[in-house]
Amino acid sequence: MSASAVAATQKFEILVDSFISKLKRRQITGSFSVATETCHLLMRVISNSRWTNTDEFIQLIRGVGQRLIQAQPREFAAGNIVRRVLAIIRDEVNDSTPSQIALSNNAPLNTSMFQLLSTNTTTKTTSKETTKAQNQDLRSVVIQGIRELIDEIASVHENIELMTVDLIHDNEILLTPTPGSQTVLNFLLKASLKRKFTVLITESYPNDIEECHKFAKTLAEAQIETVIIPDSTVFAVMSRVGKVLIGARSVFANGGCVTAAGVATVCECAKEHRTPVFAVAGLYKFSPTYPFDRDSLIEVGNSGKVLPYEDSDLVGKCEVTNPLFDYVLPEMIDIYITNIGGFSPNFIYRIVLDNYKNEDVHLD
Amino acid sequence: MPPKNSKKITGNNDSDEEPKLQAIVLTDCFQTKFMPLTSIKPRCLLPLANVPLIEYTLEFLAQSNVSEVYLMCCSHADQIQQYIDESIWNLSSSPFKKIQTIMSLESRSVGDIMRDVDSRGLITGDFIMVSGDVVTNMDLTKAISIHKQRKLADRDYIATMILKEASELHRARSRIEPACFILDKETDKCLYYQDIPSINGSKTSVNIDPEVLEGSMEFIIRNDLIDCHVDICTPQVPSIFQDNFDYQFLRSDFVKGVLSSDLLKKHIYAYITKEDYAARVESWQTYDGISQDVIERWCYPIVPERNMLIDQTYTYESKHIYKENNVRLSQSCKIQSRVVIGSDTIIGDGTNVVASVIGKNCHIGNNVTLENSYIWDGAKIEDGCIVKHSIVAANAIVKKNAMLNSGSVIGFDVVIDENVIIPNDTKIIKDPVKNLSDSTILSFESSDDESNNDDSEDDESDDEFIHNIKKTHDPSIVGENGIGFLYEDEDDDEEQGFGNSTIIYQLASLNVSDVSIASTTIVHQHRHKKRTTSTVSGYLTEDDEEEFSKEAIATVTRALENNHDIDTALLELNTLRMSMNVTYHEVREATCAALLKRVGHFIETQTLGAKDATGKVFKRWCPLFKRQVFDDDDQVDLLMILQTLCSSIDKTYNSLVFLYALVVLYDEEIVEEENIYKWWDSEESLRLVEVRDKAEKWIEWLREAESDEDDEEEEDE
């Protein structure tokens, strides 16, 4: 028994450690793949883990989440998924206690409000009494929950695309400053089936220029009128733009989001011209945290993209900074288009509350 | 955000089906550029931006999906082994299926290491050869796919060198081993490799044999590449080293030798990367340059906040400032830009820090100026010090108001007293220089006896030394209450004047061309080798002889392999003879040894039989003896040498080889009959019976033939 326990913990450590080193090594990048891979990791971790009561179980998953966030603090999707899974576990634990079932059945609309106000003492007292069989049940239910989560992530694009027809009109001019976003690309491709419109794409030099070219090519192949413009001309063209479409990397509870560098400027221009700004993001990108320290959210990338390293006359003699992201304030964005519908930035806190538990906002 | 990366992930999983990729890490570079610090710690464990150098290399290998890593250790092998055993690479979550430190304590050069690799049979397929001090963010997958294509396209392909495009005077480019590459423009096949000659040397130009350029339509000569010593090799490479026992250096011997050899007919290609970052930490100058590159994020994502060691907690702040948790900065201190500060470090009031790296647990006092300096873990800089362009190694203490000028290196545990001013380019170590350099060379050189614990050896000898002299410091350098001695560079000569070994390199003001900064490695190495051998085994003429025979054998072998013309070989031998002041006896001995070795090589590789091999080698090369053998005594001597040497080679074919060699020498009129008899009947020759049996018949035949001839002559008369 003890030997197998040791083997299990070992296997667990290997799983987590190798995932962390992959994250650090950026062998897994991009919110979508990070989210999917984190789901798979948690599934394996849960089936390999050993615990006697639900508290222990929750602590274990929290520990994993903490380590993932530490490994790559700017891949928010990993933390979000861990919190989603924690929410699944907590829901399951609460449901299995009769009093909670009664509560949630009687007043389903009140649950979130109730949980907001109540302390989590009830869960702690009840969880200790779980039996082994119950633990097994919990395990399989949670794994089932993660499977559903994976399906949800996989179908994010389809669900977002459902709304295209309502949002885009014929002969409209759209501007997108995030050519790296697959979600935006799919959104536009889907829209082109029903509508005829023009897309302006910012060049996004230096970090996303290759993506920009690929993006434009894909759109052009789909018979969409596509124009690449330099980032500096955004203000000049803004008067003719009907909508600005941005892809978000991560959305925070206050409605602000982190996205590619240069987008904040575009949003400022849009505000000046009263042009609506739409942000598209899957639910897995919604984070329950607040962006208090905005500088720490922004990744600074390779200086070599700004100044060629070969230039020995300049390298070392001037300072080069190449931020990859921008933080966009909530008031700059008019609507978030997600796989569960469109929401105003003011409403994001509510979506976050529905999907995450309050006690899991901070994992440490 | 974009799911395009999912493809990449599946790509990684697929690699399991592919043949596993191996990597050989050369942890030792057989140079003394980082002395005196490398006398205590091996180069690959020196910290760069507070991370040991080896981590960068291993990280690169992990990124490249390497599955087996062999670290070839030589000096301080025990430290490296201990480090690896305790590192995350040795855990079961490590990306490598196997990581192994291999003690190759006898090795004295990269060539020896490769021969060791070959004899241990570690290599089963294509492998990556990388030195343990590479810092790169390169994605090797592209280079590997090109390697595979080339392997299919060119049967004689053996290796791809990975080179980074930069410019001649780039800060991360080595000024110790600058080299120009001549490449075929279309295929990137390397046609010729040439170290840039030293300005002090007689040569100021690069001679290119027009033959090497044959067969290529267009070629380019490049002197703007950073050679980071990352090679993708086929399994043939170690065996080429095995066959050419005189190859010592990866570039100046191996690459050059292979490219210029008519016999080998192998091809080496280059892969030039423009976008990636790649450089090698091989001198103080590149140490400084690469540290700054890492801090300024040229090597992204290899940046300090990547937190390569598990216990690190760096975060990024604007202006390229990186801080770990628990750093205490006083309110009035000024952290300007490009600064890395490790955990638990305290920085005092009014202190000004710019472009520097400060390790863990350091204590920086009030009103200190730190400029472009590297303070390693646990060092202490007291109030009012000025430190510029210097390195303060771990646990050293610099007391109040001391001043370190450009290029100072303060060794481990050294104490610099108050108000001391350390002049430019001064290197200080804790333990006396003479003793230390000896013991390091011992450990560095070879370790026949119990050098597995170099440290204890060092300690003992140090204790003795200190006991004898009863002094622990040199007051003229470190002050009355200091601890430490001046370290003098081994190769401290005019070459150093250009700042090779120091971290100061204000090139703009120096305004020198690449050629003038360059120093030829060859000069260095020869001197070094001589030095080390003499330190190990005394300094009598015996050594010179030994040295000569080694050199001479190498010369002749080179001539044999590269098919030089006889005159060149003779000239080289003669020069060697004159410079070492030895007699012709030694020259003959060396020549014989080299020829026999060649014969042995042919027989062992089963390319030729004993008879053909001997015939071929001796027929072609016996004219060498014409200028080594002058009178009858010399002839007898030559035969004696041949017999002695033959009796010491492989018993299965030695007598045959001896016989055929004898026949050739006779046929080519190197030796005369009378001298053959004289030798044959001499006592010395009779003593070595083993090889005589086959030759005996021939001698008998010779005698008979002669007497027949005599008879005939008599009859004629």
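User: In which order do the 6 strands of the open sheet in chain B stand, and how do they pair?

Analyst: The order is β17-β20-β23-β26-β29-β32 in chain B, and the pairing is parallel. Strands pair through backbone hydrogen bonds, either parallel or antiparallel. Strands are DSSP runs of E, at least two residues long; helices are runs of H or I, at least four; both are numbered from the N terminus. Two strands count as a pair if DSSP finds at least two bridges between them.

User: What should I know about the model and its labels?

Analyst: The model is predicted: local features need pLDDT of at least 70, side-chain atom pairs count only at pLDDT 80 or more, and totals for chains, interfaces and linings use all residues. Residues are numbered from 1 along each chain as its sequence is written, while chains are lettered from A and ligands numbered from 1 in the order in which they are written.

User: Which strands stand at the edges of the sheet of 6 strands, and why is one side of each left without a neighbour?

Analyst: The edges are β17 (328-329) and β32 (415-416) of chain B. Each has a single partner strand, so one side has no neighbour in the sheet. Now look inside the sheet. Strands β23 (residues 363-364) and β26 (residues 380-381) of chain B run parallel, joined by 2 bridges. B:His363 has B:Lys380 as its bridge partner in β26(B).

User: What is the pairing in the open sheet of 9 strands?

Analyst: It is mixed, in the order β15-β16-β19-β22-β25-β28-β31-β34-β35 (chain B). β15 (315-317) and β35 (485-487) of chain B are the edge strands, each pairing on one side only. Strand β34 (residues 427-429) of chain B runs antiparallel to β35(B), with 3 bridges. There, B:Ile428 has B:Leu486 as its bridge partner in β35(B).

User: How do I read the two faces of a strand?

Analyst: In a regular strand the side chains alternate between the two faces of the sheet. Take β12(B). B:Leu225, B:Asp227, B:His229, B:Asp231 and B:Cys233 point one way, B:Ile226, B:Cys228, B:Val230 and B:Ile232 the other. In β12(B), 9 of 9 residues are buried. Buried means 20 or more other C-beta atoms within 10 Å of the residue's own; 12 or fewer is exposed, in between is partly exposed, and C-beta atoms are placed from the backbone.

User: How many bridges join β8(B) to β12(B)?

Analyst: There are 7, and the two strands run antiparallel. B:Ile162 stands opposite B:Val230 in β12(B). Strand β6 (residues 127-131) of chain B also runs antiparallel to β12(B), with 4 bridges. B:Ile128 stands opposite B:Ile232 in β12(B).

User: Why do the buried residues of α6(B) line one face of the helix?

Analyst: An α-helix has 3.6 residues a turn, so residues three or four places apart point the same way. In helix α6 (residues 236-243) of chain B, the buried residues are B:Val237, B:Pro238, B:Ile240 and B:Phe241. Seen down the axis of α6(B), they fall within an arc of 155°, so they line one face. The arc is that of the directions from the helix axis to the C-beta atoms. The cover over these buried residues includes α4 (110-120), β8 (157-165), β12 (225-233) and α7 (250-260) of chain B.

User: Is B:Leu596 buried or exposed?

Analyst: B:Leu596 is buried, with 22 other C-beta atoms within 10 Å. It sits in helix α17 (residues 584-604) of chain B. Not counting residues up to four places away in sequence, B:Leu596 touches B:Leu645, B:Cys646, B:Ile649 and B:Val657. Touching, or contact, means C-beta atoms, placed from the backbone, within 7 Å. B:Leu596 and B:Ile649 are 53 residues apart in sequence, yet 8.5 Å apart in space, C-alpha to C-alpha.

User: How many residues has the largest nonpolar core?

Analyst: A nonpolar core is a set of buried Ala, Val, Leu, Ile, Met, Phe, Trp, Tyr and Cys residues joined through C-beta atoms within 7 Å. The largest one here has 145 residues. B:Ala23, B:Val392, B:Val398, B:Ile410 and B:Ile416 have the most contacts inside it. Helix α2 (residues 53-63) of chain B gives the most to this core, 7 residues. Domain 1 (18-287) and domain 2 (307-426) of chain B both contribute, so the core lies between them. These bounds come from an automatic or database domain assignment. A second, separate core of 89 residues includes A:Val277, A:Tyr284, A:Ile333 and A:Tyr336.

User: How many residues of chain A are in contact with chain B?

Analyst: 35 residues of chain A are in contact with 31 of chain B. The largest share of chain A's side, 7 residues, comes from α1(A).

Methods: Contact = placed C-beta atoms within 7 Å.
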